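Please read them with the structure open.

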Amino acid sequence: MKTNPGGALAPNEVVGRDRLIEKLWSILERQSLVLTAERRMGKTSIVKKMAAEPQRGMRVFFRDLEALRTPLEFVDCVYQDVQADLSGRGRAMNRVRLFMDQVGGFELKGLKLPKQAAPHWKTILTKTMEDLAEHQEGLLIFCWDEIPMMLDNLKRDQDEAAAMEVLDTLRSLRQMVPTVRMVFTGSIGLHHVITRLKEKGYANAPTNDMFTEDVSPLAFEDACDLARGLLVGEGIEIVEGEALVGAIARSVDCFPYYIHHVVDALRWTTQARTVEQVDEIVSTHLCDDANRWDMAHYRERIDTYYADVEQMLALGILDELAATDNPLSQRELLDRLSVQGTGQNPELVRKVLTLLGRDHYVEKQKDGSYRFKFSLIQHYWRMSRGL
Ligand SMILES: Nc1ncnc2c1ncn2[C@@H]1O[C@H](COP(=O)(O)OP(=O)(O)OP(=O)(O)O)[C@@H](O)[C@H]1O
Ligand SMILES: [Mg+2]
């Protein structure tokens, strides 16, 4: 196996996700799914593997929605996927065609939906799903990667109402067509998009019928398998044997993306490939001005997605948690934030703690105290902010 940090993986290069994928299939038997995780954890790789290796009797469609900017473009993607699937099996999309004939004024020429279809996107989407359901007994699974990005684009290029309508239409489709399942993933949290819509009066809970599953880093054994596989694949002599393999996995909290990066750096280093060298590589990249591991994202995300009043507080909380090795209770955090001059509003502190939890910065312990969820990100935070 070759190093490929951030690139597209072939299904057989996706290490250590078999049990999770088994669980996701079983969830999909009963309901749709929101797959969340810290960035670069491997969501896209998991969903693509599922689409490439579907369960028997299921139809699985994968689409990256990042570049879409209108509801019609989105419906067009779904329409094209379904059309390709059905025409490949000699089936026609009768409902869609009949609807087009009825409303008149435009006809389907070629693969793309014409612009004049824009006002009818909801009906076309529903009829597309119904046409597919008619010809398929098993489940119809639509994996939509980067759907939060598409909603953000809709909000920006059209208006908030367009994004709300898409979310509501998808929810009602899940109720109307019982064999349809949707998988939502993306590199930005859907909760950020929905929070912004709520500020504009959106009152619905558009994913409360879906199951939310969080993707964790790899299990230690799997992280070692990945590190070993990459070292061997790159022809790197493993002088310190399993100690080096374990050090790579541990040094990056078993994040597969950073394992690829560490092995890639080991490949090019002129130093001996030792455990110390692994630590050196990690430390160097955590405070790398060129931002090759994209660590700056953890700091920039606060400015992009947190409200003005939340930003200082989020930074204050993360600074306090980064600077200590022990978890801090809410009381301790409030005291420390008061000293900083940011902790006057305990309700806001609680809200920001919840947001930081949803963005995978912090984790609430069983006793109610908080700590950084990943020591790698804590390490970055400490170094980058000079704590
Ligand atoms: N299971 C895995 N086995 C091997 N490598 C992996 C695995 N999962 C992720 N990677 C590595 O991490 C990189 C990022 O994976 P992927 O794009 O699937 O993450 P993501 O969670 O979709 O990221 P983003 O949040 O940016 O959309 C891959 O290109 C690969 O280098
Ligand atoms: Mg992705």
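Into which domains is the protein divided?

1. The division is into domain 1 (17-214), domain 2 (220-286) and domain 3 (297-384); the bounds come from an automatic or database domain assignment. This is a predicted model, in which local features need pLDDT of at least 70 and side-chain atom pairs count only at pLDDT 80 or more, while totals for chains, interfaces and linings use all residues. Residues are numbered from 1 along each chain as its sequence is written, and chains are lettered from A and ligands numbered from 1 in the order in which they are written.

2. Between domain 2 and domain 3, the C-alpha centres are 30 Å apart. Domain 2 gives 5 residues to the contact and domain 3 gives 6 residues, where contact means C-beta atoms, placed from the backbone, within 7 Å. On the domain 2 side there are 4 nonpolar, no polar and 1 charged residues. Here Ala, Val, Leu, Ile, Met, Phe, Trp, Tyr, Cys and Pro count as nonpolar, Asp, Glu, Lys and Arg as charged, and the others, Gly among them, as polar.

3. Ligand 1 has 23 residues around it, of which Gly42, Thr44, Ser45, Ser187 and Tyr257 come nearest; a residue belongs there if its C-beta atom, placed from the backbone, lies within 6 Å. Helix H2 (43-52) and helix H11 (256-268) are the elements that give two or more residues to this shell. Helices are DSSP runs of H or I, at least four residues, numbered from the N terminus. Domain 1 and domain 2 each supply at least three residues to the shell. Its classes are 9 nonpolar, 9 polar and 5 charged residues.

4. Helix H11 also packs on helix H10 (residues 241-251): their axes come within 9 Å and cross at roughly 130°. Axes are lines fitted to C-alpha atoms over the stretch in contact, and angles run from 0 to 180 degrees between N-to-C directions. Ile248, Ala249 and Ser251 of H10 meet Ile259, Val262 and Val263 of H11. That contact has 5 nonpolar, 1 polar and no charged residues.

5. Helix H5 (residues 121-134) and helix H7 (residues 160-176) pack at about 30°, with axes 11 Å apart. H5 and H7 are therefore roughly parallel. The contact joins Lys122, Leu125, Thr126 and Met129 of H5 to Thr169, Leu173 and Met176 of H7. By class, these are 4 nonpolar, 2 polar and 1 charged.

Technical notes:
Parallel < 35°, antiparallel > 145°, perpendicular 65-115°, else oblique. Contact = placed C-beta atoms within 7 Å.
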